[in-house]
Amino acid sequence: MNKLDPNQMIYSIEDLKIMNLSYYLINKLVEQNQLEKINRKNYENLNFQGEFNEFVYVNAAIPKGVICLISAAFYYGLTNTIPQAIDIAIYKKDKIRSHPKWPIIDTYYYSYDRYHTGIKKIKVNNDFFHIYNIDKTVVDIVYYREKIGIEETKEIITNYLSTPEKNLNNFINYAKTLGCYEVIKTYMEILL
């Protein structure tokens, strides 16, 4: 009966239905400790053998969440600070029904433009998660600099400016669109 791919950590109800698994068979897999229900729409494959990634789990638990701020900066290697929680952004009009017990999540409610700008999809094994691209991540960190910390913000900008992945045109356009161009301009004048 088990058709679960050991390289796929998360299965949606839709995935399981495509595999011709009825609710009865899905419940059997739960009883046999092969699947564990995360929420109404997603299950964790307990026989998963691929590379584990917390962000994939967060995506299953909060599908509209986008990895942001320090979590995204850590992912891109812009900071050595290991986040105590996973930072996710949600569009401010969306509501989260419940947070998972694990991992710990910090939620930021973004305006429409801030939320929808710069999202990219990262594939891990047969799973995926959403994260802001590196340029948008740094713009958001500058915007939230008082919460992040001035020294941490400075370190992230300095590391960003030295990385080959940066796209300064995107960076400046995001800063202008999202209302922190003047602050970024000041940082760049000081750092350059």
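So, to start: how many bridges join strand S7 to strand S8? There are 6 of them, with S7 covering residues 119–124, S8 covering residues 127–132, and the two running antiparallel. Before I go on, this is a predicted model, so to speak: local features need pLDDT of at least 70, side-chain atom pairs count only at pLDDT 80 or more, and totals for chains, interfaces and linings use all residues. Residues are numbered from 1 along each chain as its sequence is written, and side-chain values use heavy atoms, with hydrogens and water left out.

On terms, helices (H or I, at least four residues) and strands (E, at least two) are DSSP runs, numbered from the N terminus. Strands pair if DSSP finds at least two bridges between them.

Back to S7 and S8. They form a hairpin with 2 residues between them, and Asn125 in that turn has a positive phi of about 55 degrees. Ile119 has Tyr132 in S8 as its bridge partner.

Now S3, residues 42–45. Strand S1, residues 10–12, pairs with S3 in the antiparallel sense over 3 bridges, and Ser12 stands opposite Asn42. S2, residues 35–37, is also joined to S3 by 3 bridges, again antiparallel. Lys37 is partnered with Tyr43 there, and S2 and S3 make a hairpin with 4 residues between them. Both faces of S3 are covered: Asn42 and Glu44 on one side, Tyr43 and Asn45 on the other, all buried. Buried here is under 20% relative accessible area, exposed is over 50%, and partly exposed is in between (1.4 Å probe, protein chains only).

Next up, helix H9, residues 168–177, where Phe171, Tyr174 and Ala175 are buried. Looking down the axis, the buried residues fall within an arc of 100 degrees, so they line one face of the helix; that arc is taken from the directions from the helix axis to the C-beta atoms. They pack against H6 (134–143), H8 (150–161) and H10 (181–191), with contact meaning heavy atoms within 4.5 Å. Turned away from that side are the exposed Asn169, Lys176 and Thr177. After H9 comes Gly179, with a positive phi near 75 degrees.

Last, H8 and H10. Their axes come within 11 Å and cross at roughly 70 degrees. The contact involves residues including Ile157 and Leu161 of H8 and Tyr187 and Leu191 of H10. Axes are lines fitted to C-alpha atoms, for helices over the stretch in contact, with angles from 0 to 180 degrees between N-to-C directions.
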